[in-house]
Amino acid sequence: MNPTGSAPSLGFGLGLRTAHYPEIFDGAPRIDWFEAISENYMVPGGRPLHSLMRVRERWPLALHGVSLSIGSTDPLDLAYLDRLKALADRVEPAWISDHLCWTGVAGRNVHDLLPMPYTEEALRHTAARVRQVSEILERPLVLENPSSYVEFKDSTMTEWDFLTRLAEESDCGLLLDVNNVYVSSFNHSFDPKEYVDGIPADRVVQYHLAGHTNKGTHIVDTHSDHAIPEVWDLYGRSCRRTGNVATLYEWDEDIPEFEVLHAEALKAGAFREQAVLAAAR
Ligand SMILES: [Fe+2]
C-alpha cells in the first residue's frame, strides 16, 4: 500500500466483534470489509485466530491496534511489534493502523490513549518512531487522530497541522475519525470544519464514524450510539475532498444487533455517494 493516495478503497466496513459471529458466518452480510483489533489476535493459534482467518477467507481485513504507544518516550516495544508483524504476515491486512497517542511511560501502561503535546520536538520524535515501525512491519503505518479531554499548554501547533507534518515526514497514512474530530472540537473549542479541511486529502486511507455521549460540559467518546448529524456532515464535507476512502463504523459499548450496525455502514455508503455527487456538480 502507498498511503499517499493509492490505498485500496475497501468500501464500507464494520469492526469485527464476536457478538456478531453468527450473522457473519451463517448469513451473507452485504459488508465490504472488517477491521479487527490487532491485540485480540496476536497469538500463534487458538480459536480467536481461527475465527479471524475464517473472516479473512471471505473479506478484506484491516488491523487496528491500541497498544503501539507511538508517542511515548519509552523505547518501542519490539516484542509487541514482532507479534504484530507475525499476525500481519498471516492475515495480509489492507493496512495496519494505531493511534496518535501514548499509553504509558517508564514501563507502566495505563491502557488509555493519551493525547500528545504538539511541538516540534514531539514531531521529530514521533516521525522517527513511525519510520522505525514501518521498517519493522515492512508496511506503511496508518495513524488515527485521537479524541481528547485535555491539552498540553506547550503545544505550538494544532493537531491537524501536527498530523499533516507527521504524514509528510514519516510517510504514514491517516485514519481520520470524524467523530473524534467532533468530540475534541467540542472539548477544546475549535472549529471541526477547519480540522477536516486542514488534513491532507491524499493521505487519508480510512475513516471512522461513531457515536458519543454528550455530558453537557464535555463529550465522552463512548462509541455507544448512532453518530449525530454534525458528525455525518463532517464526514460528507471530508469525503468531498478525499473521494472514495474506506469507511468503518465503530460501535464498542452497548453493542446492538448486527442489523443495526449494518444499517450504519449502508448509511455511510449512501451519505458518501451524495457528498461526492454534490462536489462533482
Ligand atoms: Fe476511531
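This is a predicted model: local features need pLDDT of at least 70, side-chain atom pairs count only at pLDDT 80 or more; totals for chains, interfaces and linings use all residues.

Residues are numbered from 1 along each chain as its sequence is written, and side-chain values use heavy atoms, with hydrogens and water left out.

Q: Which residues coordinate the iron ion?
A: Donors here are N, O and S atoms within 2.8 Å of the metal (3.2 Å for Na, K and Ca), and water is not among the atoms, so sites may look incomplete. The donor atoms sit at 2.0 to 2.3 Å from the iron ion. They come from Glu144 (OE), Asp177 (OD), His208 (ND1) and Glu250 (OE).

Q: What is the arrangement of the four donor atoms around the iron ion?
A: Four donors count as tetrahedral if all angles lie between 85 and 135 degrees; four count as square planar and six as octahedral if opposite donors are over 155 degrees apart and all others between 65 and 115; anything else is irregular. Here the angles run from 84 to 175 degrees, so the arrangement is irregular.

Q: How many residues apart in sequence are the parts that Glu144 and Glu250 tie together?
A: Helices (H or I, at least four residues) and strands (E, at least two) are DSSP runs, numbered from the N terminus. Glu144 lies in strand 7 (residues 141-144), while Glu250 belongs to strand 12 (residues 246-250). The pair therefore ties together parts separated in sequence by 106 residues.

Q: At what angle do helix 2 and helix 3 pack, and is helix 2 parallel or oblique to helix 3?
A: Axes are lines fitted to C-alpha atoms, for helices over the stretch in contact, and angles run from 0 to 180 degrees between N-to-C directions. Helix 2 (residues 47-58) and helix 3 (residues 78-91) have axes 11 Å apart, at an angle of about 40 degrees. Angles under 35 degrees count as roughly parallel, over 145 as roughly antiparallel, 65 to 115 as roughly perpendicular and the rest as oblique. That makes helix 2, at about 40 degrees to helix 3, oblique.

Q: Which residues of helix 3 are met by residues in helix 2?
A: Contact means heavy atoms within 4.5 Å. From helix 2 come Leu49, Leu52, Met53 and Arg56. Their partners in helix 3 are Leu87, Arg90 and Val91.

Q: Is Leu137 buried or exposed?
A: Buried means under 20% relative accessible area, exposed over 50%, and partly exposed in between (1.4 Å probe, protein chains only). Leu137 is found in helix 4 (residues 120-137), and beyond its neighbours within four places in sequence it touches Leu81, Leu84, Lys85 and Ile96. Its relative accessible area is 1%, so Leu137 is buried.

Q: What is the relative accessible area of Ala227?
A: Ala227 sits in the loop between strand 11 (219-220) and helix 8 (229-242). Apart from neighbours within four places in sequence, it is in contact with Ala210, Gly211, Trp232, Tyr249 and Glu264. Ala227 is buried, and its relative accessible area is 8%.

Q: Is Ser189 buried or exposed?
A: Ser189 is in the loop between helix 6 (178-188) and helix 7. It has a positive phi of about 55 degrees, although it is not a glycine. With 68% relative accessibility, Ser189 counts as exposed.
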